[in-house]
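Me: Could you zoom in on one part of this model for me and tell me how it packs? I'd like the cut-offs along the way.

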Amino acid sequence: MLGKHLLSAADLTRDQALLILDTTSELAAVTDRSVKKLPTLRGRTVVNLFFEDSTRTRLSFELAAKRLSADVITFSAKGSSVSKGESLKDTALTLEAMGADAVIIRHGASGAPERLATAGWIDGAVLNAGDGTHEHPTQALLDAYTLRRHTRDGQGDLSGVRVVIVGDVLHSRVARSNVLLLQTLGADVTLVAPPTLLPVGVENWPCKVSYHLDDVLPDADAVMMLRVQAERMAGAYFPSTLEYSRMYGLDARRMALMSPDAIVMHPGPMNRGLEISADVADADRAVVVEQVANGVNVRMACLYLLLGGASSEGDGSQ
Amino acid sequence: MTSMIIRGVQPYGEAAQDVEISDGVIARISPAGSPTGSPASAAASQKVFDVELDAAGCVLLPGLVDLHTHLREPGREDSETIATGSRAAAKGGFTCVHAMANTAPVADTAGVVEQVWRRGVDADLVDVRPVGAVTVGLQGAQLAELGAMASSAAQVRVFSDDGLCVHDPLLMRRALEYVKAFDGVVAQHAQDPRLTEGAQMNEGELSGRLGLAGWPAVAEEAIIARDVLLAEHVDSRLHVCHVSTAGSVEVVRWAKARGIRVTAEATPHHLLLTEELVASFDPIYKVNPPLRREEDVMALREAVIDGTIDIIATDHAPHPREDKDCEWAAAAMGMIGLETALPIAAQVFIESGRMDWRQLCERMSVTPARIGRVADQGAVIEVGAPANLVVWDPAQTTVVTPAMFESKSANSPYLDRTFAGAVRHVVFRGRPTVVDGQVVSGEVAS
Ligand SMILES: [Zn+2]
């Protein structure tokens, strides 16, 4: 069973993570058989609370909740008018009054989901859909699910799977959650970035670190490219986008260094020509579109398990 | 004037005495239980006092002096006023506080500092000593009229842009030079602004894990290093606010060994709390400079004990509830501290056996008064000394609850904690301001 909330990939034990992945497989099998909608969460209210604009993640959660027959309310509170703190509390109290069973929150401030879960404002389950530069646990779960399909035939954990994560680790919630979850599942993770884009203390994270992409590509089973924002140049993290893509971008030459069956992943949206070249993005081994599809199933599994669907398992197969 | 006797109290935790006060000064100190008044006078044992305070088993200390207090008035009276801040200070055992300049309007003119000073006189619970801004509007561009503030009725001697660092090295040099004319001191909030853009917590492994922008120790240490060299170059007095890192302690220690006229403060929260608390994402722990590592806390404690850090100062920073009732990044920085400073200092330094009460009085009363050039505060307890005193009862406890605060705000990181000991009585200018833990009004009791 899972805990009440899903705030961090660190919340998940190996067994819990595997339960989510296995549940995802089952749900995927059901939805593939043209049964697009399950009655599991009928009568439950799921709120999508998005303080940050992210259409793809919002749609993914909406679709997941709807496929489980939940009532879905979406609050898009993006923009500066609600960037001040009190609104999180006020919004939470509003949602509580509406009887939200689960709140899926995306917020620009690290720790906002934790705050929502622990400040006593609401009773429902809180699911972190990405908070600041902290975590994005469902992204890590969909990445793990995708990795498992390609390297482990969709079974068991990720023992010994070699994953290289490249780019702006410092500002990446995807990288943080992936390092935690992939380590829990036994994978062997290497972070690659210029030293300026690695957090202080990364040497104590449960992974390896390299500054040189070419060195680590030949041994990788999967290469995960992180989105790099050009505005990072203002903080002097790197001299130019050209130099960045020359040193850390994945292009055809570098892709040729990879083993033939290694895959390329990206959490999206991609900056073609910056961290990933167009020919790599469109290559057969790039599984970016599949990641998106898996994302819906993983989020269905999370909602199903968090909202107690697992205690009435019969429902799912009706 | 009030006549008063404090019975059975132990000055500095030493032998029990009866301490008589009249005309605002200590009139007599005699062994507890001996006849009062002049021993030659038979009638003296019947002497009647306006106020009698029982203090058996309690410790008598000079009234505490805070060199770093945010009273928020003018401008943010929703979080604190000079009146409520004075009550909080009295309740915490203080008889003098220094009101920081980052108000709205900023205390950067003689007019504003005189207004703050007068409000303090009106509240009449502690000496409120305004701190003057170093630069106009705290903007770091142009020196404020330091001389006018110094020669005003407020007699300003401490100048600080606290909240912001006087970052421009030339302005800092000039400020240090200029205040020599009136024996002033520049109190620096040491924070390199570029190295701390968007900073949310101490930079280290934890900030990396939590995804909160880091406030690196070097951003404090580099400014202190520069400032002590500037102070040496112009032979002026520098005070370093809220030292928070082990590295800063080393820089200050080096500067003192070199004979540089630098003093430094540490806050109770930096002496007690560590960054691990930030992992809760509860903004009650958000403060500037941020909570640091255990190693830093230990280094600060050693520095207070050996005198490298001269004083404990509260950095009392009231904020209304909504400024903490939100997500971390949106929350205001700061915590209240006047009413918990002595319990924390007693726990960290007295209960642990690392200091005696005389040494702690140096850190919390004598030296802050000297740095601020405050007459009549931080005096040795002796006949003829001004009667600014605090009576500490080690047998009681201080249970921290939102309801206990005299401060208008309750943003304390110690809620639900219990500390051994409590402030029992406070005497300000010869009359009681706190009796049995309760603030009494400005008028003479009885
Ligand atoms: Zn400060």
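Reply: Let's start at B:Ile6, which touches B:Gln17, B:Asp18, B:Val19, B:Ile21, B:Leu53, B:Ala55, B:Leu60, B:Leu389, B:Val391 and B:Val427, leaving aside residues up to four places away in sequence; contact here means heavy atoms within 4.5 Å. Bear in mind that this is a predicted model, where local features need pLDDT of at least 70, side-chain atom pairs count only at pLDDT 80 or more, and totals for chains, interfaces and linings use all residues. Numbering runs from 1 along each chain as written, chains are lettered from A and ligands numbered from 1 in written order, and side-chain values use heavy atoms, without hydrogens or water.

B:Ile6 is also among the residues with the most contacts inside the largest nonpolar core, alongside B:Trp357 and B:Leu360; that core has 122 residues. A core is a set of buried Ala, Val, Leu, Ile, Met, Phe, Trp, Tyr and Cys residues joined through side-chain atoms within 4.5 Å, with buried meaning under 20% relative accessible area (1.4 Å probe, protein chains only). Helix α10 (residues 341-351) of chain B gives the largest share, 8 residues; helices are DSSP runs of H or I, at least four residues, numbered from the N terminus. Domain 1 (4-60 + 383-439) and domain 2 (77-371) of chain B both contribute, so the core lies between them. Those bounds come from an automatic or database domain assignment.

Apart from it sits another core, of 91 residues, including A:Ala17, A:Met225, A:Val287 and A:Leu305.

Chain A also has an open, parallel sheet of 4 strands, ordered β2-β1-β3-β4. Strands are DSSP runs of E, at least two residues, and two of them pair if DSSP finds at least two bridges between them. β2 (71-76) and β4 (125-131) of chain A are the edges, each pairing on one side only.

Methods. Buried means under 20% relative accessible area, exposed over 50%, partly exposed in between (1.4 Å probe, protein chains only).
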